[in-house]
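This briefing concerns the structure shown below. Please read it alongside the sequence.

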Amino acid sequence: MSVSAIGRGAVALAWVLAGAFLLPKARRLDSVLRVAARVDGSESAIVDDQLARRFESPFAHSVVLVASGVPSPNEPAGERVLRALVDSLQRTRGVTRVLSYLDGREPLFAGDGGEGTFMVVGLDDRQPPDVLLDSLRAMTSGYNATLRGEYSRAALRWTGEAALNVDLRRLSAAEATRAEWRALPVTLVLLYVAFGALVAALLPIGGALLAIGIALGMAALAAQLLSLSILLQNVATMIGLGLGIDYSLLVLQRFREEMRRGDDPPRAARDALRHAGPTILLSGTAVAIGFGALALVPVNELRSVAVGGLLVTGVSMLLATTLLPGVLALLGRRVDAGRVALVRWPTDGAWRWWADVVTRHPGRVLLAAGVPVFALAWQALRLQTNLPAGHWLPRGLESAEALKDLERMRRSAAVQTLRLTLELPANIMAVDDSGWGATAQVARALVADASVARVRSLPGLLAPLSGTLPRDVLLSELPDAVRRSFVSHDGHLAMLEVIPREGMTAAELASLVRRVRGMTPDNARLLVGGLPALNVDYEEAVAGRRQLTRVVALIVVATLVVLAVGFRSLLVPLKAIILNLLAVAAAFGAVTLVFQDGIGAALLGLDGPLGYVFPAVPVLVFCVVFGLSMDYEVFLVARVREARLTGLDERAAIADGLTHTARLITSAAAIMVIVFGAFMLGDFLLMKMLGFALAVAVLIDATVMRLAVSPALLALAGRWNWWPGDRREPSTRLLLAATRGATQMAEPTGDR
């Protein structure tokens, strides 16, 4: 056995061991991911921490049970139903306490239409919420069947943050799997058409699936230390399919070229890596820069995407530069096994004709291709970020249907409750005269706001009895669970709940949050948390002008430096960055027209215009697309440089580079569009929006930008493309040195 074969065997064994260890962990990833968003260091996050650490409320972790189609609890029949439900829940293992209409007979818990109610059910945080929720749903399912014998429209549904987390996490895992199975058959057909051989078509798909599995397994390990979002699973699957296939295509195409020139399989694999390795390194670095910039945004969702993107990019690069060359060396000419005469991708002759048109008439091509893209990009100026209007949670989820039940009862504002903490000085207690007065003063100011329907505070709860009994007596008679919910265990922190007016829009809720945050109580610190406050903090973190400018600047500067070093040129990276910015802007323009304005929205399963775009979409799309789009620029320019090294003049080198990469770029882009399109068919509106934006960006970038605008600009610039390097013969030594380690790992020198 040759030294080369031993080296390839060692590499293969390392990947087998990695797969055996990590792939089983990837299957359990959805159980350790989170749905709840969090903005690190924000006011809403501080309130969450205060409520978790300084209060001892039995409702620190809770779900909401919505009972629709039953009599109102203020009627005898409704009270009987409610009492039976509460008694059953109180006996259920894992339930700490139940808060309902029976506790104080608050009108908030009675449906406005004369029927229906809801209750807050505290959960024991020592047990997994998904296990507890499954147990609770099993209990209410049986009870619901009994209720329907008396009330035909009765329905018991669970919602709240914990229930939504469980439902969305499970749906996310199912959506990612369905998207894979939607994309893979079409991808296989496209690769079969491109290569004309079954084995050659299967190799990139196998590599991409292995990269996704290993990356998700690594993410499962990371989730033991970090709070990672379910977005990681979807985005890593999406990007892994695209990048894994892209990098494999690059190596595989080059290997087949070397074999056609008469090389033996080991040498062809080594030469393929020698040419493709630097391109993969440079391309992967550009992609990694985009994902790395996401880590700067103080939102756990986007940092999770950054982790998933970096992992799947790194694994895809390693697989393409270590395992794949060894597999190709082993397969040799059998890589073309399974040939069938199919409709083929446009031949090199067709691309040669197009390359001749572009290089002979660069100005005309630039005008014809650039104007439509500029027109679409102009629409991006109207893009508005906020939570979309209407019901955008996935259809069919029990927790989402329960929210609709609350809306029909005109009690949906209950889940939009603001939670305020009033931190008093060290010498003042919340139940002292000063602390009590400060809390009551804040409550009165809140009640005076027209957007506030109700304020719940300890002074407010005891106000009806305050004229008959001393406060100390009232506090002593107060249930311990109620006291622990409104006063911290150290006594220096008071909590108030603000329930907004029914039917408020996201913008109106955000305005209320900002007004409350503008209040300045004497000698106290007022902080605002709750879902509306989180939405405000989230939008400011991901869509704020300063934050977005910092992320964009980092990506642009880092990409410029990397490409300038890689290509020993200033003009080429500047051109690449400008074209990327234009492609991203065009994608934003398409999102504005379809999702915000509703043009063609029905084709994506939407009921109409949404009015807004999720705040996370612009920064997420920019960071992902900027790196992915750079792939095709690197593929093209690297081949043009290689052609110049053979002695071709500038125009001939551009034509040669375009001819040899056009099939690769169009094949890879078509696969990317199919992969992203598969996620558009799911029920997650955020993923639908993201998949659409990425598909449009890649389509525009790979067709208009890289096959028309980019080569036209290269032709216009001529030899100045390589300034300030050697404009006659640009060197590839830096790139080759950077990938020499990977080349030697895949094909040791003992075979030479």
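Arg410 is partly exposed, with a relative accessible area of 44%; buried means under 20% relative accessible area, exposed over 50%, and partly exposed in between (1.4 Å probe, protein chains only). Arg410 belongs to the loop between α12 and β5 (418-423), where helices (H or I, at least four residues) and strands (E, at least two) are DSSP runs numbered from the N terminus. The model is predicted: local features need pLDDT of at least 70, side-chain atom pairs count only at pLDDT 80 or more, and totals for chains, interfaces and linings use all residues. Residues are numbered from 1 along each chain as its sequence is written, and side-chain values use heavy atoms, with hydrogens and water left out.

**Backbone with positive phi**

- Although Arg410 is not a glycine, its phi is positive, at about 60°.
- Asn523, likewise a residue other than glycine, has a positive phi near 55°.
- Asn523 is placed in the loop between α17 (506-517) and β8 (525-530), and it counts as exposed because its relative accessible area is 64%.
- Gly598, which follows α20, has a positive phi near 85°.

- Helix α20 (residues 571-596) contains 26 residues and reaches 36 Å from its first C-alpha to its last, close to the 38 Å expected at 1.5 Å a residue; the expected span is 1.5 Å times one less than the number of residues.
- Of the 26 residues of α20, 20 are buried, so the helix is largely enclosed by the rest of the structure.
- Leu574 is located in α20 and is partly exposed, at 36% relative accessibility.
- Leu574 also contributes, with Leu570, Leu571, Trp720 and Trp723, to a nonpolar surface patch of about 470 Å².
- Such patches are made of residues with over 30% relative accessible area and no salt bridge; like charges are joined within 9 Å, and nonpolar side chains (Val, Leu, Ile, Met, Phe, Trp, Tyr) within 5 Å. Accessible areas come from the Shrake-Rupley method with a 1.4 Å probe, and for residues only the protein chains shown count as cover.
- The 15 residues of helix α13 (residues 433-447) should span 21 Å at 1.5 Å a residue, and the end C-alpha atoms are 21 Å apart, which agrees.
- Buried residues in α13 include Trp436, Val442 and Leu446.

**Salt bridges**

- The whole structure holds 37 salt bridges, each defined as a side-chain nitrogen of Lys or Arg within 4 Å of a carboxyl oxygen of Asp or Glu.
- Arg382 and Asp597 form one of them through their side chains (2.6 Å, N to O). Arg382 lies in the loop between α11 (362-378) and α12 (398-408) and Asp597 in the loop between α20 and α21 (616-645), so the pair ties together parts that are 215 residues apart in sequence.
- Arg382 is partly exposed at 36% relative accessibility, and Asp597 is partly exposed at 29%.
- Glu497 and Arg456 meet in a salt bridge through their side chains (2.7 Å, N to O). Because Glu497 is in strand β7 (residues 493-500) and Arg456 in strand β6 (residues 452-456), this pair links parts 41 residues apart in sequence.
- Both Glu497 and Arg456 are buried.
- Asp701 pairs with Arg706 in a salt bridge whose closest N and O atoms are 2.7 Å apart. Asp701 is buried at 0% relative accessibility, and Arg706 is buried with a relative accessible area of 0%.
- Elsewhere, salt bridges that share partners join Arg254, Glu257, Glu258, Arg261, Arg639 and Glu642 into one network.

**Strands β2 and β3**

- In strand β2 (residues 95-99), 4 of the 5 residues are buried, so the strand is largely enclosed by the rest of the structure.
- Strand β3 (residues 115-123) runs antiparallel to β2, and 3 bridges join the two; strands pair if DSSP finds at least two bridges between them.
- Val95 stands opposite Leu123 of β3.

- Ala286, in helix α8 (residues 265-294), is buried at 3% relative accessibility.
- Ala286 touches Gly627 and Met630, leaving aside residues up to four places away in sequence; contact means heavy atoms within 4.5 Å.
- Ala286 and Leu628 are 342 residues apart in sequence, yet their C-alpha atoms are 7.8 Å apart in space.
- Glu540, in helix α18 (residues 531-543), is partly exposed at 43% relative accessibility.
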